[in-house]
Amino acid sequence: YRSPQSAAVADLPPPVPVQPSVRTLAVLPFRDLSGQGTEIWGVGVADAIISRLATLQNLAVRPTSSVLKYAKGTDDPGQAAQELQVNSVLAGTYQRMGGVMRVSVQLIDHGAARWANRYDLQGHDLLRFEDDISQKVVDELRVQLSGTEQASLKTASTNSPEAYNFLLQGRAYWNDYFINSQLETLRSAQQMARNAIEK
């Protein structure tokens with residue numbers, strides 16, 4: 001015997017699994033507050049964070065080539081979000097003070113600051129910075145990760161702060177080459193990569 005209620009339930013189609021929504025993000029090149037016009041470290045760290053986050057299935061990250069026009073900085077990250085057609089923007093500034101790199105970062109989501117923090121980095125702190133920021137973005141945007149993606153985010157790229165610094169510079173020169181097509185920029189990228197390998 002089947003009651004009318006149980007028959008009605010049996011006739012319902014099976015529930016469709018809810019797919020997690022894909023968030024869109026742009027990581028802007030970090031701006032140098034020293035006023036010396038050197039954006040190498042800022043472009044390099046943005047590129048490293050982009051590469052880290054671009055592997056995640058539920059987060060669509062704009063490529064480095066699309067954000068390089070903001071390497072000189074932008075006064076309105078919200079405007080950059082509109083131009084890049086993304087929900088969220090990660091923006092940062094940095095300034096060297098002796099042996100310390102002071103970095104300020106903020107995550108802007110739908111025009112409002114969702115998270116902000118300041119870091120005083122030196123030595124091995126630089127190695128953890130990219131990983132910490134990537135994890136904070138994932139946490140704040142509530143991006144669903146697979147077990148493999150979680151493990152990948154926690155895996156360090158190197159144990160050498162010197163190698164990491166050279167790597168960031170190399171990435172910046174490499175990206176700059178695709179804008180200005182100057183052979184000297186490509187040679188600088190090559191030299192930074194060799195320096196990183198040596199370290």
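**Aromatic cluster and surroundings**

Reply: One aromatic cluster is formed by F30, W41, Y94, Y119 and F129. Rings of Phe, Tyr and Trp (its six-membered ring) pair if their centres lie within 6.5 Å; planes under 30 degrees apart count as stacked, over 60 as edge-to-face and the rest as tilted. This is a predicted model: local features need pLDDT of at least 70, side-chain atom pairs count only at pLDDT 80 or more, and totals for chains, interfaces and linings use all residues. Residues are numbered from 1 along each chain as its sequence is written, and side-chain values use heavy atoms, with hydrogens and water left out.

Me: How many aromatic pairs by that rule?

Reply: The count comes to four. In one of them, Y119 and F129, the ring centres are 5.3 Å apart and the planes at 80°, so the pair is edge-to-face. Y119 lies in strand β6 and F129 in helix α5 (residues 125-140), so the pair ties together parts 10 residues apart in sequence. Helices (H or I, at least four residues) and strands (E, at least two) are DSSP runs, numbered from the N terminus.

Me: Is F129 buried or exposed?

Reply: F129 is buried, with a relative accessible area of 2%. Y119 is buried too, at 16%. Buried means under 20% relative accessible area, exposed over 50%, partly exposed in between (1.4 Å probe, protein chains only).

Me: And what does W41 touch?

Reply: Leaving out residues up to four places away in sequence, W41 touches F30, Y94, R96, M101, V103, L126, F129, N165 and L168. Contact means heavy atoms within 4.5 Å.

Me: Which residues have the most contacts inside the largest nonpolar core?

Reply: F30, W41, L90 and F129, in a core of 42 residues. Its largest share, seven residues, comes from helix α2 (residues 40-53). A nonpolar core is a set of buried Ala, Val, Leu, Ile, Met, Phe, Trp, Tyr and Cys residues joined through side-chain atoms within 4.5 Å.

Me: Switching to strands. What does β5 pair with?

Reply: β4 (residues 88-97) pairs with β5 (residues 100-109) in the antiparallel sense over 10 bridges. Nine bridges join β5 to β6 (residues 112-121), also antiparallel. Two strands pair if DSSP finds at least two bridges between them.

Me: Which residue has a positive phi in the β4 and β5 hairpin?

Reply: G98, near 65°, with two residues between the strands. In the hairpin of β5 and β6, H110 in the turn has a positive phi of about 50°.

Me: Where does M101 sit against β6?

Reply: M101 stands opposite L121.
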